Amino acid sequence: MKYKVIALAVLSSIIYSCSSKSSVPTTEVKKEEVKTSPMTSELTEGMYLYENNCAKCHNLYSPNDFNAEEWKTIVARMQKEAQLTDLEGQKIYNYLTMK
């Protein structure tokens with residue numbers, strides 16, 4: 001009897017481990033997370049500056065990770081670290097806050 005229980009447990013484990021684990025991921029986009037502002041040339045330049053200067057030292061955050069006031073202090077501090085001009089810092093800030 002023990003042999004049958006152990007064999008059944010092993011067989012069940014094998015079947016479970018070999019079964020397909022794929023599932024369709026569901027992603028919900030909250031309306032407040034979607035920024036509807038069109039990308040102007042200045043915003044595109046800000047995105048380029050953000051991606052090419054900030055990513056040199058660390059992983060990039062999503063613009064939605066912080067609010068405008070938080071981005072203001074972050075950009076001001078990191079602008080000095082990255083040796084960016086005030087205009088470049090402003091373009092990055094505008095991109096991150098979509099202004």
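Okay, housekeeping: because the model is predicted, local features need pLDDT of at least 70 and side-chain atom pairs count only at pLDDT 80 or more, while totals for chains, interfaces and linings use all residues. Residues are numbered from 1 along each chain as its sequence is written, and side-chain values use heavy atoms, with hydrogens and water left out.

Let's start with the core. The largest nonpolar core has 13 residues, and Y50, W71, V75, I92, Y95 and L96 touch the most other members. By core I mean buried Ala, Val, Leu, Ile, Met, Phe, Trp, Tyr and Cys joined through side-chain atoms within 4.5 Å. Helix α4 gives the most, 4 residues; helices here are DSSP runs of H or I, at least four residues, numbered from the N terminus.

Now, how do α2 and α4 meet? Their axes, lines fitted to C-alpha atoms over the stretch in contact, with angles from 0 to 180 degrees between N-to-C directions, come within 7 Å and cross at roughly 105°. So α2 and α4 are roughly perpendicular, meaning 65 to 115 degrees.

And the salt bridge? The whole structure has 1, defined as a Lys or Arg side-chain nitrogen within 4 Å of an Asp or Glu carboxyl oxygen. E45 pairs with K91, closest N and O atoms 3.0 Å apart. E45 sits in α2 and K91 in α4, so the pair ties together parts 46 residues apart in sequence. K91 is buried at 12% relative accessible area, whereas E45, at 37%, is partly exposed; buried is under 20%, exposed over 50%, partly exposed in between, with a 1.4 Å probe and protein chains only.

Key. Helix = DSSP H or I, 4+ residues; strand = E, 2+ residues; numbered from the N terminus. Parallel < 35°, antiparallel > 145°, perpendicular 65-115°, else oblique.
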